[in-house]
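Hello,

Here is the structure for you to look over. My notes follow below it.

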Amino acid sequence: MLFILGSNLTYAQEKSIKGTVVDENGTPLPGVAVIIKGTTQGTTTNFDGQYVLNVSATDETLSFSYIGYLTKDIVIGAQAVIDVSMEVDAEQLEEVVVIGYGSVKKEDATGSVQAISASDFNQGAINSPQDLLTGKVAGVNITAGGGAPGAKATIRIRGGSSLSASNDPLIVIDGVPIDNNDISGMRNPLNTVNPNDIETFTVLKDASATAIYGSRASNGVILITTKKGSQGGVKFDYSGNVSFGTETGRIEALDATQFRNLMQETGNTNGLSIAGDQNTNWQDELMRTAVSTEHNMAVSGAVADFLPYRASVGYNNSNGILKTSNMERTTVALNLTPKFFDDHLSVNVSAKYMNVKNRFADVGAIGSSLSMDPTQVTRSNDDTYQKFGGYFTWVDGAGNPISIAPSNPLALLDQKDDRSNINRFIGNAQLDYKFHFLPELKANLNVGYDYSKASGGVNVPTTAAWEYNVNDPEAGGRSSTFEQEKKNELVDFYLQYVKDLAGIDSKLDVMAGYSWQHFWSAKYDWATNARGDSPEVYPNATYSDVLTENYLVSFFGRLNYTFKDKYIATVTVRNDGTSRFAPDSRWGLFPAAALAWQINKENFMANSSKVSNLKLRLGWGITGQQNLGSSDNPLDYPYLPVYTYGDEKAQHVYYDPNIGPISYYTIRPQGYDQNLKWEETTTYNAGVDFGFMDDRLTGTIDVYKRITNDLLNTIPVAAGSNLTNRLLTNVGSLENQGLELTLNYKVIQKRDFFWDLGFNFTTNDTKITKLTAVEDPNYKGVDVGDITGGTGQTIQIHQVGERPNAFYTYQQIYDETGRPIEGAYVDRNGDGNIDANDKYIAGDPNPDYYIGINSRITYKNWDFSFSGRYAGGHQVYNNVNSNQSLNNMTVSGFNRNLTTDILNTYFQDYQFQSDYYIEDASFFRLDNIMVGYNFNNIKGGKINARVYGTVNNAFVITKYSGLDPEISGGIDNNIYPRPRTFLLGVNLGF
C-alpha cells in the first residue's frame, strides 16, 4: 500500500509557486495544507505561514485548508506568488471540545473542561504520556514516582476524594476506559501509548463534566485522543533523539575520613579495628551517565480520498542513571477513519500494540550505598569473598554472611537479574451512523478490547551473599517467575438526537446509552531457589494463583438545551451496577446538572471592544467510587465471607508419634461487610471563562467544593472478634474545596515574532470530617504511613478535622545551640508524662497550592519554550535520615555508615517519631527548556526539518535537605533519583 501511495509523489515539475497564508487578523498561519486540487500532491506552511510548491503546466487550482477555517480554492493561472487570507469557519471552530461520549461546541460546554493539544505539550525526554501534561492544567498535580525509565506517576485531580479506595482519575484512550490497576512487571499503564501519537489531552474536572462516567469519575477523567489521518497527500514524519541523563544531587553520607573521625571522637575502638583502608564512594559505584535513544516513524494520508489513515511505529531504549536499569519499548499504532453512504456512516478504527522489556535495578542498592562502610573495597581477590562472587561481604567467624549487615550495593545490582516482558493491545471500532430518514438522529456503537500479557521474574545466583545458604550453598540463590493476563472488554451504545428549534430560537441535544465492561485477570507466581527445587525439597518455595473478574453495567443519558445561543443547561444521569457489591447495594444513581450563561452575547456587551468572551458556569453533580484493591491484591468480592491462611508464626503443631512434629497452617475468617455500597462524592462548581482584546488574554476561574460520604475506609476490628484485624467498610466523610485559575496571554503577535505566556494556579484544601459510625471524641484516627527501619511503626494518621495522611509525631526539644536533645519531647497535654497523648499534627504532604508557568517564543525559524512548577505549604518526612543517622556504627561484627545528618544530631538511638525529621518540602522545579530551529522549504517545500535541544529537570529550588522534595505520599525513604536529561533531537516531514 505504501509503495502504491508513494508512487503518487512523482510528477512533472515545471514552475514554482510560493506565498504566505494569514488568518483573519493578518497573522501568519503555520501548518496550512496546500494541495494541488484533484491530486494528493502538496505541502504545508511553515511557522511564518510561508509555502513553496512545484506545479506542472496542467495543474489548475490550489486548495488551502486549515482546521477552523473555510477551505479556499484559487486558480493558479500565470501567478508565481499566491498569498491567501483565510476566513474563519465559525461553525467548525466551535466543535473543539471532546467530552464523554461525544463532543460539544466549546461555547456550549457547561462543565469544568480543559483541553491541551500537541502544540502545548512539554518537550524533551518524554518516556510516559503524563509527562506531556505536567504543570499544564490547573487542578491537576502529577508526581513522578522517581527517575526510573518509564516510572509511574501519581496523578491527582483536585486532590482526590477517597482514603482507602483509588484516587486515580479515570483514563480513557480513544474511547476505551482502561483499568488503572497495573499489570505485573510494568511500572506505568499509560506506557501503552507512545507520547508521539497523542493529539490531545482533555481533562474533565467537575461532576457536571464527569458524571457521564458515573462510578469511575469521582477523581476526574482524562481523555486521550491519538493522531489520525486526513485528506490530502501522503505525509511521512520521522522523529529521533539521543539523550544523556545525569545525576542532579546525592544524599550525603560520611566519607571514609569523616567515618573514621567520628569513630575516634566517640571512642569506637571496635569499629576502627574492623575498618578498612579504602576510601570508597559507594554511590559512585552505582550511578552512571545514562544514554538513551528514541525513534518514531509515521505515515498518514488517505487512500483515494476515501480512507484517511495514520500508521506509526516507535522504538524507545531508555537507560536509567542507576546501573542495570533499562526500559525498551516498541509501539505500533493504526488509525483508520473512513466514511460511507454520503458521510452518513463514520467509522473510527484504532489499534495500538506495545511491547515493553524492563530490566529493574534493585533500588535497595541506593539505601545500602548509604549504610555500607566507606573504608571497604567493592570487590576483592581474597579467598573469603570468592564464594560471594568476589564482592566484599561482612562475614562472621565461620566465614558466613552476617544477615543483618548491609549488602554490598554493587552486588545488589550485578547479581540480581529482575526482568519483565509485557505485550499489550488496545483496540476499538467506533461506528457513528446518521440516519438517512432522520439526519438529526444518530447511533453510535463502540466496541473495545484491552488485552495484556506479562511475564518475568528474578534470578539471583547461589553466590549472592543475601541469598546464601549456609547449610547447602548449592540450594541458595533465588529464582522466581510470574505470568499474568488481563482482559478489559467494552461495549458502548448510545443514540443522540440534535435538533435546532428555530421557532423558539433553541437547540436540543439528547443522548441516551448503555455501557457494559468486563475486567478479567489471572496471575501465577512461583518462587524457589536458584536450582529450581520443589517445595518437597526446598520448604521455602512458594506458589500462588489468582483468578478474578468484575463487571460494570451502566445506563446513561444527557440533555443539553441552548436558548438564544447564550443560555445553556445540561442534565446528566448515569445508573451503574457493579459486581463488587452485594445485589441489594449493587446499583448507584449519579445525576448532575449545570448552567452556563454567555454574557458577552447579551446586547449590553455587544459593543464592547475589550471583552471577546465571558461565560458564567454553575454545576452540581454526584459521582461514585468502587475501585478497590490493586493488581497484587484485587478486591473484586469484598462483600463475600472468605477464609484466609495465617502466617508461619500462627501454625498449629501436631505431634505424630511415628513421624514427629507436623506443622499445619491455620485459617481464620477474614473481616467483611456484606452491606458495602458506593462511596459517593457530591461536587459544587462555579466558573467563569473569559477572553479580552480579541482573545489575546484568555482564562478560566473555577471554585469548587466536594463532599465525599460513605467513605470506603479500612478500620481496626475489636480484639477477640476472631477476624483479621482490619475491615473494609463504608464509614466517614471528607470535604475538599479549592480555587483554580488559568491564564494565557499572547504577549507579542507579529509577523516574525510570537510570544505566548501561560500561567495556572491551584489551591486545594482537603479535610476529613468523619471516620466512625458513632462520634467518639477519644478516637485518634487511623494510623497510616509505614516507615523504613521501625518495624510496625507509622508516621501518619487519618484524623477528623485534619488533612489525609497528616504527620503525627512528638514535638522535639532543642538545646541552646539548636541541636535536638535525644528523647526530649514537649509534654503537650501537661500531664507530666511523655506518651502517645502528646503527639500532634506536625504537617502533611499535601501542598496548599500549585503554580504552573510555561512560555513559548518563536522568532523567524527559531523557537524557545520552557515549563516549570511551584508547589508550596507541605512537608516531607525524611525517613532516610531517621533510619540512617544514629550513632550506632558498629553492630555484631560489622560497621554501618551514616548520613551526614548525624553530625547535626549525634543521636545514639532511633528517634523515628520526632518532628525533627518533618521538613518543608516547598519547591520550584523547571521541568523543561527547549530551543529549536526549523528548516523549511527544502526541495521546493516538499521536506521540512527541525533540530532541537532540550533540558529536562533543569533545576530545583527547595529548602528540603533530602535528595528530592517531590515525594508521592510524603515519606522519603528510598527514591530512585530523578535525572537531569540533555536531549538532541530531529524531526523530518516530507
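To start, which residue in strand 16 is the bridge partner of I171? The partner is I222. Please keep in mind that the model is predicted.

**The sheet**

Strand 13 (residues 170-173) runs parallel to strand 16 (residues 221-226), and 4 bridges join them. As background, strands of a sheet pair through backbone hydrogen bonds, either parallel or antiparallel.

**The salt bridges**

How many salt bridges does the structure hold? The count is 39. In general, side chains of opposite charge can pair when their charged atoms come close.

D432 lies in strand 23 (residues 417-434), and K442 lies in strand 24 (residues 441-460). The two residues are 10 apart in the chain. Is D432 buried or exposed? D432 has a relative accessible area of 17%, so it counts as buried, the cut-off being under 20%. K442 reaches 26% and is therefore partly exposed.

Next come E602 and K566. The closest N and O atoms of this salt bridge are 3.2 Å apart. Both residues lie in loops. E602 is in the loop between strand 29 (587-598) and strand 30 (611-625). K566 is in the loop between strand 27 (542-563) and strand 28 (567-578). The pair links parts of the chain 36 residues apart. E602 is buried at 9% relative accessible area. K566 is buried too, at 10%.

Then look at R617 and D702. Their closest N and O atoms are 3.1 Å apart, again in a salt bridge. R617 is in strand 30 and D702 is in strand 36 (residues 697-709), so the pair ties together parts that are 85 residues apart in sequence. Both R617 and D702 are buried.

Last, the network. Which residues are joined by salt bridges that share partners? They are R869, R925, D927, D964, E966 and R978, in one network.

Best wishes

How values were computed. Residues numbered from 1 in each chain as written. Predicted model: local features only at pLDDT ≥ 70, side-chain atom pairs only at ≥ 80, totals over all residues. Heavy atoms only, no water. Salt bridge = Lys/Arg side-chain N within 4 Å of Asp/Glu carboxyl O. Buried < 20%, exposed > 50% of the residue type's maximum accessible area, 1.4 Å probe, protein only. Pairing = 2+ DSSP bridges.
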